[in-house]
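Here is a friendly briefing to read alongside the coordinates. Have the viewer open, and step through the topics in any order you like.

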Amino acid sequence: MPTEPKAILAALLQHLGFNETTITEQKLDDGGLFLDVQCADSNRLIGRRGETLGDLQYLTNRIAFNQDDSAPRITVDVGGYRAAARDALIKKAKDAADKVRKWGDIVELEPMNAYDRRVVHQALREDPDIETQSVEVEGTDKKAMLLRPKRKA
């Protein structure tokens, strides 16, 4: 198995039958690495609600970290899907935060994977009125997000 993240992803894609792909690589400000895949059958690679894409990202990261524990965190996207989904998730989180501010009640977002929870946490971490918390959802491997008014000290 190759050791460079881009080559690892290319090998995984080839094993999955995606022989004609283009992968562009971009270093992120936080030290991570962004890999964007362009291919003919992008919907099959993205999967239902991005689950296949998430699994592909997980495998790419696991292989890279097993080979080099100083490897950067890798984000895999297909044709801009993750960027659009991220923008929609941030909008949903900010709308939920507005409800918390307006009504003072806890708002629970649907169960989501670790990547999506991280996006929500980061989107709201600077908000002076809102705190976020991940909570287990019984019977799944996902956690839901709770948004609540920040306790004043």
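**The strands and their sheet**

Thr24 stands opposite Asp36 in β2. Keep in mind that this is a predicted model. The points below begin with the sheet around that pair, then turn to the helices and the loops.

*How the strands pair*

- Strands β1 and β2 run antiparallel and are joined by 7 bridges.
- Another facing pair is Lys27, which stands opposite Leu33 in β2.
- A hairpin is formed by β1 and β2, with 5 residues between them.
- Within the turn of that hairpin, Gly31 has a positive phi of about 95°.
- On to the next pairing: β2 and β3 are parallel, over 5 bridges.
- Phe34 has Thr75 in β3 as its bridge partner.

*The sheet as a whole*

- Taken together, the 3 strands make an open sheet in the order β1-β2-β3, with mixed pairing.
- The edges are held by β1 and β3; each has a single partner strand, so one side of each is left without a neighbour in the sheet.
- On average, neighbouring strands of this sheet are turned by 20° against each other, direction ignored.
- Strand β2 is largely enclosed by the rest of the structure, because 6 of its 7 residues are buried.

*Helix α1 and what covers it*

- Helix α1 spans residues 5-15, and its buried residues are Pro5, Ile8, Leu9, Ala11, Leu12 and Leu13.
- The cover over these buried residues includes the strands β1 (21-27), β2 (33-39) and β3 (74-78), along with the helices α2 (42-46) and α3 (51-67).
- As background, an α-helix has 3.6 residues a turn, so residues three or four places apart point the same way.
- Just after α1 comes Gly17, with a positive phi of about 95°.

*A backbone angle to check*

- Arg49 lies in the loop between α2 and α3.
- Although Arg49 is not a glycine, it has a positive phi of about 55°.
- For context, most residues other than glycine have a negative phi.
- Is Arg49 buried or exposed? Arg49 is exposed, because its relative accessible area is 66%, and exposed means over 50%.

*Helices α4 and α5*

- The axes of α4 (residues 81-103) and α5 (residues 114-124) come within 9 Å and cross at roughly 55°.
- The two helices, α4 and α5, are therefore oblique to each other.
- In handedness, the crossing of α4 past α5 is right-handed.
- On the α4 side, the contact is made by Arg82, Arg86, Leu89, Ile90, Ala93, Lys94 and Ala97.
- On the α5 side, the contact is made by Tyr115, Asp116, Val119, Val120, Gln122, Ala123 and Leu124.

- Leu124 has its place in helix α5.
- With a relative accessibility of 3%, Leu124 counts as buried, since the cut-off for buried is under 20%.
- Which residues are in contact with Leu124, leaving aside its neighbours within four places in sequence? They are Ala93, Lys94, Ala97, Ile130, Thr132 and Leu147.
- The C-alpha atoms of Leu124 and Ala11 are separated by 36 Å, and the two residues are 113 residues apart along the chain.

Terms used: Residues are numbered from 1 along each chain as its sequence is written. This is a predicted model: local features need pLDDT of at least 70, side-chain atom pairs count only at pLDDT 80 or more; totals for chains, interfaces and linings use all residues. Side-chain values use heavy atoms; hydrogens and water are left out. Axes are lines fitted to C-alpha atoms, for helices over the stretch in contact, and angles run from 0 to 180 degrees between N-to-C directions. Helices (H or I, at least four residues) and strands (E, at least two) are DSSP runs, numbered from the N terminus. Angles under 35 degrees count as roughly parallel, over 145 as roughly antiparallel, 65 to 115 as roughly perpendicular and the rest as oblique. A crossing is left-handed if the near helix is turned anticlockwise from the far one by less than a right angle, and right-handed if clockwise. Contact means heavy atoms within 4.5 Å. Buried means under 20% relative accessible area, exposed over 50%, partly exposed in between (1.4 Å probe, protein chains only). Two strands pair if DSSP finds at least two bridges between them.
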